[in-house]
Amino acid sequence: MGTQSSHPTHHTYRTHHLQTPGPVEGIVPRDTPGAPPAPGPRDILVRVHAVSLNKRDLLILDGSYPLKAAPDVIPVSDGAGEVVAVGEEVTRFGVGDRVTSTYFPRWLDGRISPAMIDQPGATLPGMLAEYVRLDETAAVRVPDHLTWEEAACLPCAGVTAWNALTGAEAVLPGETVLTLGTGALALFAVQFAKTLGAQVVATTSSGAKAARLRELGADHVLNYVEHPKWAANVRELTGGRGADLVVETGGPDTIEQSVRATALYGRIALIAANSPHKPSLEITTDALASSVLTMRRIFVGSRAHHERMNRAITAHGLRPVVDRVFPYEEVHAAYRYYASGAAFGKVVIRVS
C-alpha cells in the first residue's frame, strides 16, 4: 500500500523562515518551488489553516529562548490543519482528518526527559507554512466543534493550563484557583477551572478586562493596581483559607504575593520563571513561614495531556478566546500586535 493523498500538485507553496533573529523583519516569506514534501512511511502531510502566537515565539525571535533556533527555521509551534496525505505505515490518521501539532513531538506521556525537548519553531521546523510534514505521533485530532482558528490556539497555552490544573494533584470541585492577568494561558486556566468545579479568583489591572473575566466564569476579580497586596484580598474572599492552586504566570513580579495567597497545603503551578524587571524569584522567609505549599514547574505538557484536554473541551463545548485573526500576508503585523500586549486572548494568523 503506497502513500494516500488528496492534495493537488503545486508549482510552489508558501513558507516563512526565521532568516535573521532580532526584529520581526527577520521572519521572511518564501515561495518554495515544487510540490509540498511527500510524507515518509510514518508521516502525515498537513495543509495548515491557522497558527497562533505564544510568548516563546517572541523569545525565539529575539534569541532569549533557552532553546536556540535552528538556522532558517520555519517559526511558530502552534498550528491546525487538514491531513492531505499519509505515509504507507500511518495508522493514527487518514486523509481529511483535522489535526493540531504537539508542542513536544517526542513527549508522548509520562515525564519529560532531555531527549524530548525538541520543539517546532525552534529546533524543528514550525507551523508557519502552507504545508507541513509531521510524524504521525506528533499530532492530535481537533475537537469537532472548533474552528481552525480556535484549534490553532491549543498546543502551547491550552495544554500548559490543562497540565497546571490536572497534571499532578488535580483541582477538585469546590477548591479555589487563582489566575494572574489576562494572558491567553490565564484565560484557559479560568475556563478549565470552572469545568473542574472550582471557584476562580482572577487578577487584572483593567475594569473592562475584569468584566470579560467574569463573562468567562471568574467568580471574583481583583484589580492588582488598586490592591497591590492582593494576597490579603484572596484570603478574605476564601474565608481566610487561601487559594488551593495558583497558576503563576507573573514569575518574579508576583511570586511573593502568590505564596502569601496560597492555602496551607496549596499548590503553585509555576509557568513563568523570568521577568524583564527581576533576574530571580525572591520569596521572603516570612511568606513561607506558615505554609507547606508545593511548587511545580510546568513545561507545557505531553501529547497525553493534550488529548485529555481535548476530551474535556469536547465534553464541555469550550472555545478558546481569540482576540484577533491576521491574514497570512500580515505575519509581521501579527507579531507586532501580539508583542504590544494589547490582546485579550490569542492572536491568530490564518494561513489558508
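Guide: On a 1 Å grid over the protein atoms alone, a cavity is a set of points where a 1.4 Å probe fits but cannot get out, and its lining residues have an atom within 4 Å of a point. This is a predicted model, in which local features need pLDDT of at least 70 and side-chain atom pairs count only at pLDDT 80 or more, while totals for chains, interfaces and linings use all residues. Residues are numbered from 1 along each chain as its sequence is written, and side-chain values use heavy atoms, with hydrogens and water left out.

Visitor: What makes up the lining of the largest cavity, and which helix gives the largest share?

Guide: The lining consists of Leu-18, Ile-27, Asp-57, Ile-60, Leu-61, Pro-75, Val-76, Gly-121 and Tyr-335, and helix H1 (residues 55-62) gives the largest share with three residues. Helices (H or I, at least four residues) and strands (E, at least two) are DSSP runs numbered from the N terminus. By class the lining has seven nonpolar, one polar and one charged residues, given that Ala, Val, Leu, Ile, Met, Phe, Trp, Tyr, Cys and Pro count as nonpolar, Asp, Glu, Lys and Arg as charged, and the others, Gly among them, as polar.

Visitor: Which residues line the second largest cavity?

Guide: Thr-102, Tyr-103, Pro-155, Val-159, Val-300, Gly-301, Ser-302, Arg-303 and His-306 do, and the elements that give two or more of these residues are helix H3 (154-166) and H9. This lining divides into four nonpolar, four polar and one charged.

Visitor: Why is the contact between the side chains of Arg-14 and Glu-130 called a salt bridge?

Guide: A salt bridge is a side-chain nitrogen of Lys or Arg within 4 Å of a carboxyl oxygen of Asp or Glu, and the N to O distance between Arg-14 and Glu-130 is 3.5 Å, so the pair qualifies. Arg-14 belongs to strand E2 and Glu-130 to the loop between strand E6 (98-101) and E7, 116 residues apart.

Visitor: Why is Arg-14 called partly exposed, and what is Glu-130 called?

Guide: Buried means under 20% relative accessible area, exposed over 50%, and partly exposed in between (1.4 Å probe, protein chains only). Arg-14 stands at 24% and therefore counts as partly exposed, whereas Glu-130, at 16%, counts as buried.

Visitor: What do the salt bridges Arg-92 to Glu-307 and Asp-97 to Arg-141 tie together?

Guide: The side chains of Arg-92 and Glu-307 meet at 3.5 Å, N to O; Arg-92 lies in the loop between strand E5 (78-86) and E6 and Glu-307 in helix H9 (residues 303-316), so this pair ties together parts 215 residues apart in sequence. Asp-97 and Arg-141 meet at 3.0 Å, N to O, and this pair joins the loop between E5 and E6 to strand E8 (residues 139-141), parts that are 44 residues apart in sequence. Salt bridges that share partners also join Arg-14, Glu-130 and Glu-329 into one network, and the whole structure has 17 salt bridges.

Visitor: Why is Pro-228 called exposed, and where is Pro-228 found?

Guide: Pro-228 has 53% relative accessibility and therefore counts as exposed. Pro-228 is found in the loop between strand E11 (220-223) and helix H6 (230-237), and its C-alpha atom is separated by 8.8 Å from that of Gln-257, 29 residues apart along the chain.

Terms used. 1 Å grid on protein atoms, 1.4 Å probe; cavity = no way out; pocket = protein on both sides within 12 Å on 5 of 7 lines; lining within 4 Å.
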